[in-house]
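Here's a quick walk through the packing of one chain, written for someone who likes to check things in a viewer.

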Amino acid sequence: MDEMIAQLKAELATTLTMEYSLAEKPYRMPALPHAQVIVLPLVREVVAPMLVRNNDPDSITDIVMVRERRVRMIASKTKSVEKRRGAMILRALQLGGNGAANKFFINEKNHQRPSTVFDLNSVIFGDSAKGNGKAIYPVHAAALYSDAISVQPASTQTDAVFRQGGIMEDGSNYDPEQHQSSSNIFTTRSVKPGTLFVQTIVLPGRRITEAAFDHLLLALGPAGSYGGSTATTGTNLRTYLAGIYWGTLEKAVNAPMVILESLPTPPPTTPNALINHMETLFAQAYPRHITAQSAEAYVSELATQLEARAPRLLTQYAQGAQDAAELFDAWFMKTEKRGREKGGAEGTE
């Protein structure tokens, strides 16, 4: 495991910025992408009844794929939770997470540095901030999430749940103001425990450092509340890494549809069986890889170090936070040559 982890880390970027010049004076900007791809195939297991709400608040979202109608979790369903978890880790270490989710603001009038709101989490998951005027500060995500698609058909993996709104204190459904029964009666469908989803996270272009990569692994977490009926009371989705794979060019196997097409009939019904199948499939496409067992052991060790506030991990996080701060300040702040301009802050170059 140590040898393959070392090989993977050698593939990661050493810095997030580069010098570039088309004029008299060089300036710093995000490092240009390389021909490289790292893939994290995931198995998500539902472990408590879960609502998958996207645009329709009363039902799950589904999609016809590989001859079956399947449950579909759009990418933001899982990404948003893991992005928030990443922000909480940075806050615990006092190395970021200063902005509330989706409410980033950069006060240009006071020459606020972008690094006061953007951080290591922004590098991985992407972000945007508003300025005083019409300016928008965009940060493209290094980690690209696919949708998560269920292995089993939606017809066998969902339950109808009767729900009733507007119930009075006496327990009845009678509306005394309207003198009639409340119309707030509806049915939702929840995803059953035991449902398995396949999903991939793709990191193209050699655009993250070792600190950013380890932070992504910690943000994934083994389990968590991803919305739905049990989101406020406990875990309803468990996450498994089906290995870590990397190469020069992206392969079609990164798409959930290709994974589903490769499954035998009947498909695997346990996480381990599904992971074993995906390991074989991805290893054929990406000869350089870390097995699922080794990847899980590595993440477990990272979690142990985080809990213990291990000096090595804290040093790595501090360096990662500094790299991210330098990236965003260099990219978004005005240079001395241009000076103070409307809608921008005075820079440091």
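## Two buried rings

Phe118 and Phe332 are both buried. Keep in mind that this is a predicted model. By the ring-pairing rule, the chain has 5 aromatic pairs. In one of them, the ring centres of Phe118 and Phe332 are 5.7 Å apart with the planes at 35°, so this pair counts as tilted. Phe118 belongs to the loop between β6 (104-105) and α3 (120-125), while Phe332 belongs to helix α9 (residues 311-332), so the pair ties together parts that are 214 residues apart in sequence.

## Another tilted pair, and a lysine over a ring

Tyr245 and Phe282 pair up too, again tilted, at 5.3 Å centre to centre and 40° between the planes. This pair links distant parts of the chain, with Tyr245 in strand β18 (residues 244-247) and Phe282 in helix α7 (residues 271-285), 37 residues apart. Are Tyr245 and Phe282 buried or exposed? Tyr245 is buried, and Phe282 is as well.

For a charge over a ring, look at Lys251: its charged end sits over the ring of Tyr286, 5.2 Å from the ring centre.

## The largest nonpolar core

Which residues touch the most other members of the largest nonpolar core? Among its 50 residues, those are Leu40, Phe118, Phe213 and Leu217. Helix α5 (residues 210-220) supplies the largest share of this core, with 7 residues. Apart from this core there is another one, of 25 residues, including Val39, Val43, Val66 and Val253.

Skipping its neighbours within four places in sequence, Leu40 is in contact with Gln199, Thr200, Ile201, Phe213, Leu216, Leu217, Leu220, Leu241, Gly243 and Ile244.

## Helix α5

How many of the residues of α5 are buried? The answer is 10 of its 11, so the helix is mostly covered. The buried ones are Ala211, Ala212, Phe213, Asp214, His215, Leu216, Leu217, Leu218, Ala219 and Leu220. An α-helix has 3.6 residues a turn, so residues three or four places apart point the same way. In α5, though, the buried residues include Asp214 and His215 along with Phe213 and Leu217.

Just after α5 comes Gly221, with a positive phi of about 65°.

Thr200, one of the contacts of Leu40, is found in strand β15 (residues 196-204). Thr200 has a relative accessible area of 1%, so it counts as buried. What does its side chain reach? The side chain of Thr200 reaches the backbone oxygen of Asn254 at 2.7 Å. Leaving out residues within four places in sequence, Thr200 is in contact with Val39, Leu40, Pro41, Leu144, Tyr145, Ser146, Asn254, Ile259 and Phe282. That list includes Phe282, the partner of Tyr245 in the tilted pair.

Thr239 is in strand β17 (residues 237-241), and it is buried because its relative accessible area is 6%, under the 20% cut-off. The side chain of Thr239 makes a polar contact with the side chain of Arg44, at 2.7 Å. Not counting residues up to four places away, Thr239 touches Leu42, Val43, Arg44, Gly221, Pro222, Tyr226 and Glu296. Gly221 in that list is the glycine with the positive phi. Over in helix α2 (residues 75-92) you'll find Ala87, buried with a relative accessible area of 11%. Ala87 touches Gly97 and Asn121, with residues up to four places away left out. The C-alpha atoms of Ala87 and Leu120 are 8.8 Å apart, against 33 residues in sequence.

## The chain as a whole

Zooming out, the secondary structure comes to 9 helices and 19 strands. The chain has 349 residues, 47% of them buried. Of the contacts with a separation of 6 or more, 74% are between residues 24 or more positions apart. The accessible surface is about 17300 Å², and carbon and sulfur atoms account for 52% of that.

Definitions and conventions. Residues are numbered from 1 along each chain as its sequence is written. This is a predicted model: local features need pLDDT of at least 70, side-chain atom pairs count only at pLDDT 80 or more; totals for chains, interfaces and linings use all residues. Side-chain values use heavy atoms; hydrogens and water are left out. A nonpolar core is a set of buried Ala, Val, Leu, Ile, Met, Phe, Trp, Tyr and Cys residues joined through side-chain atoms within 4.5 Å. Buried means under 20% relative accessible area, exposed over 50%, partly exposed in between (1.4 Å probe, protein chains only). Helices (H or I, at least four residues) and strands (E, at least two) are DSSP runs, numbered from the N terminus. Contact means heavy atoms within 4.5 Å. Rings of Phe, Tyr and Trp (its six-membered ring) pair if their centres lie within 6.5 Å; planes under 30 degrees apart count as stacked, over 60 as edge-to-face and the rest as tilted. A charge sits over a ring if NZ of Lys or CZ of Arg is within 6 Å of the ring centre and within 35 degrees of the ring normal. Accessible areas come from the Shrake-Rupley method with a 1.4 Å probe; for residues, only the protein chains shown count as cover. A polar contact is a pair of N or O atoms within 3.5 Å; within protein, one must be able to donate a hydrogen and the other to accept it, and residues adjacent in sequence count only if both atoms are side-chain atoms.
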